[in-house]
Amino acid sequence: MPIGKGAAAPPLSSSKLLLGAAAAYRTFAAVYSCAIISLLCYHINRLHHSTSLSSSFVSLSFLVADLVLSFMWVASESFRMFPIKREEFPENLQKVISKEDFPRVDIFICTADPYREPPIGVVNTALSVMAYDYPAEKLSVFVSDDGGSKITLFAFMEAAKFARHWLPFCRENKIMERSPEAYFGSDRHNINSQGYQLIKAMYEGMRSRVDDALERGELPNDNVDGDQEEWKSFSAWTPAFTRLNHPSVLQVLLDKDRDRDVTGSSMPNLIYMSREKNESFHHHFKAGALNSLLRVSAVMTNAPVILTLDCDMRSNDPGTLLRALCYVYDPNPDIRSRLAYVQFPQRFDGINRDDIYAGEMRRVFWSNPTGMVYGPDYFGTGCFFRRRCLFGPPGACLMLENPKMNPDQVATSSVHSDEVMRLANHVMACDYEEGTNWGSKAGFRYGSLVEDFYTGYRLQCEGWRSVFCNPDRPAFLGGALFSLIDFLNQQKRWDIGLQEVFFSRYSPIRFGVRSMGLLMGLSYSFYAVSPAWSVPMTVYSLLPPLALFNGVSIFPKVSELWFLLYLFLFIGAYLHDLTDFLHSGKGATFRRWWNDQRMWSIKGLTSSLVSTVEYACKALGISTLSFNITSKMQDEDQSRRYEQGKFDFGAISPMFVSLGTVAIVNLISLTRGVASILGKRSEGGLVLQVLLAGFVVVNCWPVYGAMILRNDKGRLPTKVTVVSAITASGLLTLSTIPR
Ligand SMILES: O=c1ccn([C@@H]2O[C@H](COP(=O)(O)OP(=O)(O)O[C@H]3O[C@H](CO)[C@@H](O)[C@H](O)[C@H]3O)[C@@H](O)[C@H]2O)c(=O)[nH]1
Ligand SMILES: [Mn+2]
């Protein structure tokens with residue numbers, strides 16, 4: 001890597017420790033820790049002095065719930081001790097490294113199902129990065145199609161043609177949105193700009209050809225005239241071809257050495273691949289796809305820098321690549337040699353005003369990463385890797401089966417050459433990884449449904465570092481999800497994946513702390529333990545209201561000092577969270593925070609709970625896990641409801657039963673509790689329980705409406721309401737059985 005012009009080189013980035021924030025956090029953490037310790041002592045004491053089975057059960061439940069909460073709180077503080085703000089100066093890059101020396105960059109885009117991830121969307125993502133402000137001949141875009149769809153290949157053949165017009169159009173008009181769909185859909189374009197109408201018509205023509213083909217499930221007839229070289233690949237789709245059983249397909253759609261755009265300038269490489277699948281081999285979902293991409297790209301281009309993208313995360317800023325290089329070329333050799341990846345946040349467009357489902361995930365994608373001392377975890381998309389980091393620790397590079405694929409090798413043959421094509425096909429075979437280091441020591445790591453989190457974690461344990469880069473203009477934008485069930489299913493998959501990491505031999509609590517020290521170990525543990533959030537959520541949303549229903553006080557009375565401790569812990573935690581949220585960046589409002597905390601509770605009662613059951617079934621060998629791909633299709637009805645800020649409960653799912661049960665139990669208990677306080681039948685012993693049930697009821701407000709008042713498709717299905725009501729009555733009845 002040729003670098004720098006000595007001490008005189010201008011800075012490429014700066015970082016600042018936010019001392020004021022750190023001091024405030026640390027002071028608060030010290031006080032709050034004392035309060036937590038007192039609470040735990042209180043529980044232990046209560047447990048010790050329990051006189052009946054039921055009171056022991058209650059005390060023990062609270063002790064366990066609060067132990068989980070305390071651990072999560074301590075772990076979450078690891079993100080707050082050293083908050084760092086970074087800035088990049090891409091305008092200085094060419095003063096440090098000349099344009100001719102810019103590295104080659106391979107861009108990986110994964111897609112896995114043409115019906116959940118429409119090919120035209122994938123094409124848009126690809127076009128947005130092919131049009132980066134960067135020497136085109138240094139870019140290669142590799143599309144991995146785990147859906148094995150000929151329509152996706154067809155879409156990319158169309159994209160290759162369209163790109164010849166689109167790339168020069170972007171360059172000449174200096175447009176920022178380089179995904180055509182986003183560009184034509186925004187109001188920021190200049191319809192008088194050169195060739196606007198023409199290019200728009202071209203794009204729409206392409207889109208309708210691709211969408212029609214998808215709808216019919218067939219390629220357009222007029223194009224298939226057998227002898228065309230580029231249509232040869234379609235012969236792979238024999239009647240025996242299925243998504244889970246098919247030979248590999250590889251096609252070079254654009255070759256930088258051969259293809260030129262309409263102005264005669266170079267174009268990036270564009271390569272379509274669908275790795276071989278066979279049901280007798282585990283294909284390891286996205287991690288497997290990424291490893292296939294790693295090998296095929298190693299054979300073809302072996303670029304030292306890699307960008308991984310999900311098919312729905314388009315580039316929103318053509319300068320992003322140069323920004324990422326500011327870290328790759330950091331003048332400090334110690335920093336440079338340890339850098340594994342530069343992670344940009346996942347940002348979404350189409351989020352509704354109050355972000356009812358907390359789809360921004362500010363904590364995960366905005367605030368927590370700024371405080372991880374060795375750099376952020378890997379989010380799976382919008383991340384620039386140094387290829388080298390995927391092949392062993394900083395000081396010891398692994399030797400691969402084929403030395404040509406080693407990360408220090410420079411690929412010299414044309415991507416089209418017979419030898420390259422033969423080797424590329426060989427490394428895509430489904431049995432290629434048998435008996436190799438792939439997935440364990442090399443490439444993206446196997447063993448978790450959150451392959452991103454797990455891979456980043458393992459790399460950092462090996463001694464690699466990462467950087468979080470969060471410019472004002474979002475570097476990447478993905479489409480927001482519009483329905484609650486999609487969010488919960490996604491969260492459930494993540495939670496299962498996190499449990500796989502937690503219970504693995506690389507558990508962050510032991511292995512992580514040992515390899516990276518306490519703070520980083522805790523940061524990773526925070527996520528790995530987060531599915532256990534369901535424990536305190538279940539305890540706090542059921543025990544206090546059930547006791548309240550029976551007029552039994554289980555919290556301290558208003559007159560006791562412990563009452564204040566409870567108030568302090570609750571209000572302290574929520575205010576801390578609110579302050580944090582409001583400081584997490586642009587667009588943070590009180591309402592968004594409110595919805596965010598509501599989603600946390602909902603997840604605890606739904607996805608975390610169900611994920612634990614599914615993980616346990618897998619651990620006991622009762623079932624196997626699968627990667628349920630999130631749908632990127634938009635249902636018009638659903639998007640309208642979303643835009644109006646209405647919750648969408650329109651799905652039959654056990655997750656909604658647990659939510660509905662909690663909503664009913666708390667409402668009934670609250671009514672009874674308020675009545676007994678007003679009727680002066682209790683002396684302040686029930687106040688905390690009433691407050692808590694009230695808090696749950698306010699949080700569940702949309703659930704009641706969805707049960708009774710609504711009649712649109714987003715209402716809670718009657719079946720779910722009935723089962724919830726039966727479960728709630730069952731619990732209430734059980735709680736009255738005398739002990
Ligand atoms: O067998 C598979 C399954 C998925 N994918 C791709 O993986 C990506 C992510 O899948 P998606 O259904 O969109 O999942 P999300 O939950 O939205 O993704 C988040 O969580 C995943 C881990 O669970 C990470 O891989 C993603 O980067 C991260 O954005 C998509 O591009 C898919 O095409 C594959 O290539 N092969
Ligand atoms: Mn996604």
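## Leu-39 and helix H1

Leu-39 is buried, at 8% relative accessibility. Buried means under 20% relative accessible area, exposed over 50%, and partly exposed in between, with a 1.4 Å probe and protein chains only. Leu-39 sits in helix H1. Helices (H or I, at least four residues) and strands (E, at least two) are DSSP runs, numbered from the N terminus. Across 523 residues of sequence, Leu-39 and Trp-562 stand 8.3 Å apart, C-alpha to C-alpha.

This is a predicted model, where local features need pLDDT of at least 70, side-chain atom pairs count only at pLDDT 80 or more, and totals for chains, interfaces and linings use all residues. Residues are numbered from 1 along each chain as its sequence is written, chains are lettered from A and ligands numbered from 1 in the order in which they are written, and side-chain values use heavy atoms, with hydrogens and water left out.

## Leu-569 and helix H18

Leu-569 belongs to helix H18 (residues 561-582). Leu-569 is buried too, with a relative accessible area of 10%. Its C-alpha atom is 7.0 Å from that of Ala-35.

## The largest cavity

Rolling a probe the size of a water molecule over the atoms shows where empty space is left. The model has 4 cavities of 30 Å³ or more. A cavity is a set of points, on a 1 Å grid over the protein atoms alone, where a 1.4 Å probe fits but cannot get out; lining residues have an atom within 4 Å of a point. Grid points are joined across faces, edges and corners, and a volume is the space filled by probe spheres set on the points.

The largest cavity holds about 60 Å³. Which residues line the largest cavity? They are Tyr-42, His-43, Arg-46, Val-58, Ser-59, Phe-62, Ile-554 and Tyr-566. Helix H1 (19-48) and helix H2 (53-77) each give at least two of the lining residues. By class, the lining has 5 nonpolar, 2 polar and 1 charged residues. Ala, Val, Leu, Ile, Met, Phe, Trp, Tyr, Cys and Pro count as nonpolar, Asp, Glu, Lys and Arg as charged, and the others, Gly among them, as polar.

## Two positive phi values

Most residues other than glycine have a negative phi. Lys-174 has a positive phi, near 45°. Lys-174 lies in the loop between helix H5 (150-173) and helix H6 (180-185). Lys-174 is exposed, at 68% relative accessibility.

Met-361 also has a positive phi, about 45°, and is not a glycine. Its loop runs between strand E10 (348-349) and helix H11 (362-367). Is Met-361 buried or exposed? Met-361 is buried, with a relative accessible area of 10%.

## Helices H13 and H16

Helix H13 (residues 451-461) packs with helix H16 (residues 518-529) at an angle of about 165°. Their axes are 12 Å apart. Axes are lines fitted to C-alpha atoms, for helices over the stretch in contact, and angles run from 0 to 180 degrees between N-to-C directions. H13 and H16 are therefore roughly antiparallel, a term for angles over 145 degrees.

Thr-242 is in the loop between helix H7 (196-216) and strand E5 (249-254). Thr-242 is partly exposed, at 37% relative accessible area. Thr-242 and Gly-147 are 95 residues apart in sequence and 8.9 Å apart in space, C-alpha to C-alpha.

Ala-725 is in helix H25 (residues 718-736). Ala-725 is partly exposed, at 31%. From Ala-725 to Ile-496, C-alpha to C-alpha, the distance is 28 Å.

Notes. 1 Å grid on protein atoms, 1.4 Å probe; cavity = no way out; pocket = protein on both sides within 12 Å on 5 of 7 lines; lining within 4 Å. Parallel < 35°, antiparallel > 145°, perpendicular 65-115°, else oblique.
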